[in-house]
Amino acid sequence: MRPGLWTGLVGGLAVVLLAIGTPAGAYHTRFQSTCTSGYFNDNPVTRAEARNYAYVAAAEGYQWGGGCWNDNNWDDSPGDPTEDPYTNGEGPDCSGLTFKSWWERSETGDPWFRYHSAMQNTHGPYTAADFKYGTGAPNVTVAKANTVYMDAFASTYHVGMIYWANTAFNQDRIIEAKCEACGSGTWPRTYRGNPDYSGARRLYWAG
Amino acid sequence: MKKTWRWPLAGFLLGGLLGATILTVNVVGASGPNAPPARVASFGEILHTPPLLVRVGKAVNLSFGVVCGIVGDNPGGRCTPRGAVLVRAAGEAGFRKLPLEPEPGGLLSAVVPASKASRGFDYYASIENGRGQSSMLPEAGSAAPQHVWPLETWTTVDVGAPRFGEFRPPSSVVAHFGWGRGDGAIGLDSGREQSRIGPSAFDVAPDGSIVVLDQVNHRLVRLRSGRKPAHLPIDFAGGEGDLAVGGDGTIYVLEISGQPLLRSFSPAGASISAGPLAEPVADMVRAGPSGPVVHAYPSEMWLPTGEGRPPLTATEQLRAAQPARSADGGLGVVVHASAAEVDLALVREDRVLRAWILRGPASFGEVQLAEPYGDGLVVVVRLWDERDAEFRVLHLVPGGVASSFTVAPGEWAEAASLSRFRLHGDTLYQLRSGRSGAAIATYEIGGKR
């Protein structure tokens, strides 16, 4: 072998694997590299339109701090490490799904509507606790007994919206981003009667 | 000079190229661990709560919601659903069409007149969404329709005011686990902006042992009196599920995340079969007299998945769907609850054998359990207000309530929504949780608190 060739080859291999391979391996799906930035202000918006919007997220992934998803009914980035926004996976988290499904704006003092493309990578400024306490101009609290579809039940750690109220066993089907292993979906839940949860509402629906 | 750097540089470039090739093959390959299914334009979903139990002499309102989804970032491309509900009164041969009329709030509804409803009826909806797509609910249409039973007589039970905080202590605590991964622990999936998810479900096997679904740790935990917990590793892909143990000891595990899937395992934990459910959402699996049945949505029917291997196909499940949960002795258990009242019945085919209507000053929550017991039922139902909650346990007999008591919710961590309780013999078991861990508590049925 030519003198120095072997040393150079090992060096080049090491540099590439260490410089590129380490981060690539850690964030392997890179789903968010396909996200877009599409949004527009809109008015009026109905609860039914909001439910149609949220439905697209059902059966997609969950990403802590995330905000973009497609509509192939498949978690494109399963098994990411939890509580790490830099895993760049598919899906919203619970508060991000609520923010986008309620067509809210990032300006917390502005209560009006903004359509965010499902593939727009935005989470919004609110946590689950913010929804629980009615933080932000568009958001208020409401008695759980008075909630209707596309209102939400929020605790300090989770928020989900009412997809269909009052099943035969008297649960509510909730549309929510649940957990990394769960993804997002429309599951029957018992949040209404759970003292951890409060009723939350977005104002100004057109119907 | 040239001779000293030319070959190391060539080697460095070659090594870099080799590294890039390795990363391309491995990382890009890893980015698609499973190919997603081909995208197909879907109808969306018909939403409906079946009335199931209706007082004789009353007309029945059937309401349906329709969710279409948003296509191509065009929120203005609204769906304009229309359709009909097809109704067959008891004793009639064919279905008659009732057009669905739009209601405020986007619902579609039709009224079945009292004269048609008085002997009970079958029905299914057929809806087109205005985008050229149509669907039926239940999906098998006339082959397995939804059913409404007429209530001619029933026993009204006033459950009284809630007793928040005045809970009956358990008769025993069979097992307690701290949170974690070890032999004495059970899994907790929690974090910021996320539900706290503990063990999803449990059941009591015919031999009295308890099987807990520790899905966070991908295992079953079998508890036998006087022995250390035995751990049985299982395949479990999702975050939550349900579990039932059959009369022969077969363990059925329902995965509810993503497309629901029912797996079965031998009592020793060996995999027997796995098959997808015919509907997109499910919350309960129960062991029926003819094998496992799964409560599925949007139909709210009980889908048998079959005892055999392989399990029933999706079409077979839909065509065998039942509106009542099958119980021993040819009985069916029917539940329809709202905040104002809980309607319960034991039925045999189209006939109501016994019925109860629960009322009270507090709001009712979900019906956690309704199991045949003697000539009545044992029922566990949530009572709640905006700040508190309790579970009320009721032993219903033909004349009313034989006994009742109140149980603490113990729901610090989430379990499957309707799998916190199981009845085995005269003992009620509860899966409860707190900051320190999860436990299985027992209560003996009988006697007033």
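B:Leu53, B:Arg55 and B:Trp149 supply 31% of the area that domain 1 of chain B buries against domain 2 of chain B, more than any other three residues.

Domain 1 of chain B covers residues 1–152 and domain 2 covers 158–444, with bounds from an automatic or database domain assignment. The contact takes 21 residues from domain 1 of chain B and 25 residues from domain 2 of chain B, where contact means heavy atoms within 4.5 Å. Taken over C-alpha atoms, the centres of the two domains of chain B are 26 Å apart.

## Model and confidence

This is a predicted model, in which local features need pLDDT of at least 70 and side-chain atom pairs count only at pLDDT 80 or more, while totals for chains, interfaces and linings use all residues. Residues are numbered from 1 along each chain as its sequence is written, chains are lettered from A and ligands numbered from 1 in the order in which they are written, and side-chain values use heavy atoms, leaving out hydrogens and water.

The model scores ipTM 0.91 and pTM 0.90. Chain A has a mean pLDDT (the predictor's confidence in each residue, from 0 to 100) of 90, and 88% of its residues reach 70 or more. Over residues 21–27 of chain A the pLDDT is below 50, and this stretch has ten contacts in the model beyond near neighbours in sequence. For chain B the mean pLDDT is 92, and 92% of its residues reach 70 or more. Residues 24–34 of chain B have pLDDT below 50; beyond near neighbours in sequence, this stretch has ten contacts in the model.

## Second largest pocket

The second largest pocket has a volume of about 930 Å³. On a 1 Å grid over the protein atoms alone, a pocket is an open set of points with protein on both sides within 12 Å along at least five of seven lines, a cavity is a set of points where a 1.4 Å probe fits but cannot get out, and lining residues have an atom within 4 Å of a point. Grid points are joined across faces, edges and corners, and a volume is the space filled by probe spheres set on the points.

The pocket is lined by 43 residues, of which B:Ala287, B:Arg325, B:Asp328, B:Glu371 and B:Leu423 lie nearest its centre. Its lining divides into 25 nonpolar, nine polar and nine charged residues; Ala, Val, Leu, Ile, Met, Phe, Trp, Tyr, Cys and Pro count as nonpolar, Asp, Glu, Lys and Arg as charged, and the others, Gly among them, as polar. Strands of chain B that each supply at least two lining residues include β24 (281–288), β25 (291–297) and β31 (363–373). β31(B) gives the most, with six residues. Strands are DSSP runs (E, at least two residues), numbered from the N terminus.

## Cavities

The count comes to nine cavities of 30 Å³ or more. The largest cavity has a volume of about 160 Å³. Its lining has 16 residues, of which A:Thr190, A:Tyr191, A:Asn194, B:Glu414 and B:Arg420 lie nearest its centre. By class, seven of the lining residues are nonpolar, four polar and five charged.

The second largest cavity has a volume of about 70 Å³, and its lining includes B:Tyr252, B:Pro311 and B:Gln317. β23(B) gives the most to this lining, with three residues. The lining has five nonpolar, six polar and no charged residues.

Conventions: Helix = DSSP H or I, 4+ residues; strand = E, 2+ residues; numbered from the N terminus. Buried area = accessible area lost by both parts, 1.4 Å probe.
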